[in-house]
Every structure is written in C-alpha cells, then in structure tokens.
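I opened my notebook to look up two things today.

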Amino acid sequence: MIIANFKSNIVNYPKWVDDFVNSCPPVEFYVGMAPPFINIADAYPEIEFWSNRDENDHDMWDMHTGAQDVDYSSGSRTGAISVEMLEKHGDITFVIIGHSERREFFHEDNDLIRKKIHAVNASNLRPILCIGETKEENKEGITKDVLKNQLEVIDGLNLSRDFTIAYEPVWAIGSGLTPEPKDINDIHKYIKDVVQSVSANSLVPDVIYGGSVTNKNAKSFFVEEFVDGALIGGASLEGSTFGEIVNIWNEFII
Ligand code: PGA
C-alpha cells in the first residue's frame, strides 16, 4: 500500500495524475491519495478516469482518495467534517488519523485520537493511524514505550480488517533523515505484536512507513520484511516521483 499525503499544499490534479500514470505501469495494489478536503472533488474524477481505463474494460488501478483527518462527531461543530459526511460523499475510502502535525499544531492527544479511531473503525472507511516518536524520545531510547502509549487508543477494540498503522518518526518527517531500514523493520514487528495483543480480535495490521521516503531511498525500506508500504508527503507532490515510488513497491509484491 502506497499513500500520498498532500497536506496543505496546492496541487494541479490533472497534471499530477497525468505525470503519475506516465511514470509507472498499472499496479493492482492499494494506491491512495489524500488531498485537502476542498480538493477531493478535483482529485477523484481524475483518479476514477484512470482507474477504469483499460482496453479490455478491466480496472487498471486500485486507486483511492482519502481524508487527512476527520472529526469524531457531527452536528453543531463549526468547520468540522464528520465520518458520516465522508461516508456519504462516496468517493473516500480511507482516513489518516493522529498525524504528528495534527498532534503538534492542533494539540490532538490520545483522548481525541481514541474518539476518532472509534468513529472511523465503526464506519466502512479504512483507518490509518499515525504514530511515532520525537528525536528526544528516540535519543532517550524510549521509542517503543512511546509507541505503546500511542497505541493505547485501540485497547480492547474490535479492529476492522483493513485497520492500518503508519509508523512515522516525528524527526524523520520532512527532514531528509530516516531511521536505519533494519530499525524500521524491528519497530514494525513490534507494532504488529502490540496491536495483536491489545486489540479484541487479535488483528495483525499492515504497518506502513512514513518520514522522508523518496524515489531514492524507498527500495532500502521496501526490502524489509515487515514494511507493508509507505505514507509519503513531500515526495508525493510530483506525480512522476510518486509514480516512481509506486513502481518500486510493485517490484516487491509480485
Ligand atoms: P514526508 O512526510 O514524506 O514529507 O517526510 C511524511 C508524512 O508526514 O506523512
């Protein structure tokens, strides 16, 4: 699974999709794009067009649009987008929850993230929960404790089958720095074990890696056994670069 997170950036969607489809052959695995809410209507028709474009009338791509965040409730909550609204929209299949930028700039804590996770887990949208440690926590050697604490939001929950975790060290996001691939692999195995032991249905989730993934370093992460894909910010803003990364993942799942 490879996901593009456009964050709060302006993207030319027809050009992006054109560059993307011209840079890699059709793939059958889950490829997602998370535009800002206001651009979902620009992005989806482009994706849908290519998803259905095959001379034999078969789907060429398993492409999805998703949301970068969601509110856990609805009604009198000015400015918020609810889970129900995303479901009713119809073109959205996944939601990113608990991104470190939401935690840092919008003060989202475990209590709020737990409510969001519960709301999305009960819907038919795929939750992608982001967790990760800061540089200081990493230096202190408490990464696993931090992740375990962030995973408390799923304690006792019957997780949906497609529940996904994105491991995103805060210090790796947008910095050009990354952990060693072997360390990422070790953390991903740890996350799978924790989720399996704390979820009510013992789910072993897909765990994707995020934090300065590019077309240059993607391969070094994708060779690792417990890396199930990537969540990509900066390098996803050019359709051709994102396409190259999708292409690299394609080599590992055949
Ligand atoms: P980055 O962002 O690829 O720019 O490091 C990743 C993310 O925040 O999901």
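I began with the rule: a salt bridge is a side-chain nitrogen of Lys or Arg within 4 Å of a carboxyl oxygen of Asp or Glu. The model is predicted. Counting by this rule, I got twelve salt bridges.

I picked one pair to follow. Lys116 forms a salt bridge with Asp69. Their closest N and O atoms are 2.7 Å apart. I then checked where the two residues sit. Lys116 is in helix H5, residues 110-121. Asp69 is in the loop between strand E3 (62-67) and helix H3 (83-89). The two are 47 residues apart, so I noted that the pair links distant parts of the chain.

Next entry: the ligand. I found it in the second largest pocket. Around the ligand I listed 13 residues, and Lys7, His99, Glu168, Gly174 and Ser212 come nearest. I sorted this shell by class: four nonpolar, seven polar and two charged residues.

A polar side-chain atom of Glu168 lies 2.6 Å from an oxygen atom of the ligand. Gly174 uses a backbone N or O atom, 2.7 Å from a ligand oxygen. Gly234 also places a backbone N or O atom by a ligand oxygen, at 2.8 Å.

How much of the ligand does the protein bury? Taken alone, the ligand exposes 280 Å², and the protein buries 95% of that.

Terms used:
Residues are numbered from 1 along each chain as its sequence is written. This is a predicted model: local features need pLDDT of at least 70, side-chain atom pairs count only at pLDDT 80 or more; totals for chains, interfaces and linings use all residues. Side-chain values use heavy atoms; hydrogens and water are left out. A residue is near a molecule or strand if one of its heavy atoms lies within 4 Å of it. A polar contact is a pair of N or O atoms within 3.5 Å; within protein, one must be able to donate a hydrogen and the other to accept it, and residues adjacent in sequence count only if both atoms are side-chain atoms. Accessible areas come from the Shrake-Rupley method with a 1.4 Å probe; for residues, only the protein chains shown count as cover. On a 1 Å grid over the protein atoms alone, a cavity is a set of points where a 1.4 Å probe fits but cannot get out, and a pocket is an open set with protein on both sides within 12 Å along at least five of seven lines; lining residues have an atom within 4 Å of a point. A molecule sits in a cavity or pocket if more than half of its atoms lie within 2 Å of its grid points. Ala, Val, Leu, Ile, Met, Phe, Trp, Tyr, Cys and Pro count as nonpolar, Asp, Glu, Lys and Arg as charged, and the others, Gly among them, as polar. Helices (H or I, at least four residues) and strands (E, at least two) are DSSP runs, numbered from the N terminus.
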